[in-house]
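Keep the 3D view open while you read.

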Amino acid sequence: MGDPERNWDDIQRSIDTCSICKCQSGVLFNEFQDSRGRPPKPPQKGCLFISEAPTPRGGFWADPVDSLRKNLFEFLNLPERESELREFTEKFSLIQTFKWPLRIDLSGLEPKRIRPLSEHTSKAHIMKEIMFMRPKAIMALGSVAVSALSWLLADSATGERFAKERIKSFKGEPLDAEIDGRPIQVWATYLPAGQGTRNKKAIFPDIRGFSRSCSEQPS
Ligand SMILES: [Zn+2]
């Protein structure tokens, strides 16, 4: 068994049964139509993408493949095939900020409006996932993921910026941060799905820069 927070399946189970998230069903969240599309056990010390929320059909990790996965794999030069998913998971992982499909579009909101909504999921769920993975770098995809990270980087200049500023002011730059006493590089860009799809040209160099940096850093 071991420490529950060190077991990936237990972390995912605690998300599925979270009473605080369940209270938001019908308010902030919708139910899933199909699979929950929870992320498989990730590589440790890999590079982590954090996106916004799963789609009602499960999203990134479920079939049918969503636009986030299609676009991200295109940027990473991984055409959509079974073997390319394995290639992705050797180096990267992806978790969602909100663990359930969103009922409302938060993408245009100011950071201070999103922040209260992202506090619970950051502290109760994402922190455990990050502690398990110990990623060497994190790329926040979209304003919701930036908001979630702002809670985990709270007492730092980067955390302050993530709490108050919009993505365009730090987009595509590696920023120094610390999570749970460990130094970590964090990046941010727009979400390459939904509303953000129209920014594909602006997102592409950021994802490629992050991927290159991940390849260059020692594990
Ligand atoms: Zn919860």
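What follows covers the central strand, the nonpolar cores, a helix pair and some backbone details.

First, some ground rules. This is a predicted model, so to speak: local features need pLDDT of at least 70, side-chain atom pairs count only at pLDDT 80 or more, and totals for chains, interfaces and linings use all residues. Residues are numbered from 1 along each chain as its sequence is written.

**The strand β1**

Helices (H or I, at least four residues) and strands (E, at least two) are DSSP runs, numbered from the N terminus. A residue is called buried if 20 or more other C-beta atoms lie within 10 Å of its own, exposed if 12 or fewer, and partly exposed in between, with C-beta atoms placed from the backbone. By that count 5 of the 5 residues of β1 are buried, so the strand is largely enclosed by the rest of the structure. Both of its faces are covered, with Cys47, Phe49 and Ser51 buried on one side and Leu48 and Ile50 buried on the other.

Strands pair if DSSP finds at least two bridges between them. β1 runs parallel to β2 (residues 92–96) over 5 bridges, and it also pairs in the parallel sense with β3 (residues 137–141), over 4 bridges. Phe49 sits opposite Leu94 in β2, and its bridge partner in β3 is Met139.

**The cores**

A nonpolar core here is a set of buried Ala, Val, Leu, Ile, Met, Phe, Trp, Tyr and Cys residues joined through C-beta atoms within 7 Å. The largest one has 42 residues, and Ile50, Ile138, Ala140, Ala145 and Leu149 have the most contacts inside it. Helix α6 (residues 143–152) supplies the largest share, 6 residues. There is also a second, separate core of 5 residues, including Phe29, Ala53, Phe98 and Trp100.

Two residues are in contact if their C-beta atoms, placed from the backbone, lie within 7 Å. Leaving out residues up to four places away in sequence, Ile138 touches Leu48, Ile50, Leu149, Ile184 and Val186. With the same exclusion of residues up to four places away, Ala145 touches Ile50, Ser51, Glu52, Thr97 and Ala140. Ala145 lies in α6 and is buried, with 30 other C-beta atoms within 10 Å.

**α5 against α6**

How do the axes of α5 (residues 111–133) and α6 cross, and within what distance do they come? They come within 7 Å and cross at roughly 65°; axes are lines fitted to C-alpha atoms, for helices over the stretch in contact, and angles run from 0 to 180 degrees between N-to-C directions. Among the residues that meet are Ile114, Ser118 and Ile126 in α5 and Val144, Ala148 and Trp151 in α6. The C-alpha atoms of Ala145 and Ile114 are separated by 9.9 Å, at 31 residues apart along the chain.

The peptide bond from Asp63 to Pro64 is cis, with omega near -5°. Pro64 belongs to the loop between β1 (47–51) and α3 (67–75).
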